[in-house]
Amino acid sequence: MADTNHVYSKLGEKLAKGEFILTGELEPEKTCDLSHTIGEAKEMAPYVVAANVTDSPLGIVTINSMAATHIIQKEANLECIWQLTVRDVNKLGIAGMIMGAQALGIHNVLSLTGDHPYLGDMRESKPVFDLDSATLVKLVREMVDTGKINGHEIEAPPKLHVGAAANPNAEPMEAEALKIGRKAQAGAEFIQTQVVYDLDKTIEFLTAIKKYKIPVLLGIFPMKSYAIAKGFDTFVPGVSVPKDILGKWKGIKTEYKTDKKMQKEAYDQANFEFFKPFITELRKKKLLDGIHCMAVHYPRIFPKLVEVIKSTN
């Protein structure tokens, strides 16, 4: 958890105070023009503490995440969480990037392994994996807390809060929980989970990692259409959308086929009705410190999520 004496960002401040947090996610694409992403950032800015900026998810090459994070913060006035994977760069390069992030005004980083290049559109690329996500957390904390790297002084050290990821869907769950323990020991200040739809499995996992005393932001994926729901279920590894949700979303598509405005409102309401009891139960059991909404290109859902959070307080 962030130390109240060492707060470098709005996210760090909220973590230190123990406030319930809502974060979003932005997914820049294969482009040098971020105007569309900046527009989405501006739309979600009134509702979130910060937004993740992805780093070539699924191994598909996109604009550099550190550059995108800097530009979005500057143009949208929205604090960001820079996603940094160990897939593409060795320890020397990553240490330089961490200092570069500080120079660019970035003060939150999420440590990730990164999807293997073979999954993406540059399969010939050689993966690096010099570090793993836990040793990356340890590197960030070393540079921030000691002002040194491998024993060498950093003249003006970085000031960042570092988080890590968790996957409640992983099998066996016990192995994933141990990974979280390793990340907590390395100094992770918060956890953002992968998307979950199974409440019982989520309760079991969050109960298992509660002993590490690290704030957890639950990953959710409100789906703005049946096509998105079906695609997410089919193409995203490790996540299954329950058949009853797919059926309901398909029904909305059919019922409001000729009225797109009503269709959008129906999808928004369906998301509210699904996530409200889900989040209510987790908050009642004191297993949750926030929500991480991964519904990229769906910024209109954030007012509904704020409504959910207020109603479950």
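Guide: The bend at a residue is the angle between axes fitted to the seven residues ending there and the seven starting there. Helices (H or I, at least four residues) and strands (E, at least two) are DSSP runs, numbered from the N terminus. The model is predicted, so that local features need pLDDT of at least 70 and side-chain atom pairs count only at pLDDT 80 or more, while totals for chains, interfaces and linings use all residues. Residues are numbered from 1 along each chain as its sequence is written, and side-chain values use heavy atoms, with hydrogens and water left out.

The part in question is helix H10, residues 260-284. H10 has 25 residues and spans 36 Å between its first and last C-alpha; this is close to the 36 Å expected at 1.5 Å a residue, the expected span being 1.5 Å times one less than the number of residues. At Phe275, H10 bends by about 25 degrees, and Pro277 follows within four residues. Just after H10, Lys286 adopts a positive phi of about 55 degrees.

Burial is considered next. Residues of H10 that are buried (under 20% relative accessible area, with exposed over 50% and partly exposed in between; 1.4 Å probe, protein chains only) include Gln263, Tyr267, Asn271, Phe275, Phe278 and Leu282. An α-helix has 3.6 residues a turn, so residues three or four places apart point the same way. The cover over the buried residues of H10 includes helices H7 (199-209), H8 (226-235), H9 (243-255) and H11 (302-311), together with strands S9 (216-220) and S10 (290-293).

A nonpolar core is a set of buried Ala, Val, Leu, Ile, Met, Phe, Trp, Tyr and Cys residues joined through side-chain atoms within 4.5 Å. The largest such core has 88 residues, among which Ile72, Ile98, Leu136 and Tyr197 touch the most other members. Helix H10 supplies the largest share of this core, 8 residues. Tyr197 is in contact (heavy atoms within 4.5 Å) with Phe274, Phe275 and Phe278, among others.

On the segment after H11 lies Thr312, which counts as buried because its relative accessibility is 9%. Beyond its neighbours within four places in sequence, Thr312 is in contact with Lys276, Ile279, Thr280 and Arg283. A polar atom of the Thr312 side chain also lies 3.1 Å from the backbone oxygen of Ile309.

Note on methods: A polar contact is a pair of N or O atoms within 3.5 Å; within protein, one must be able to donate a hydrogen and the other to accept it, and residues adjacent in sequence count only if both atoms are side-chain atoms.
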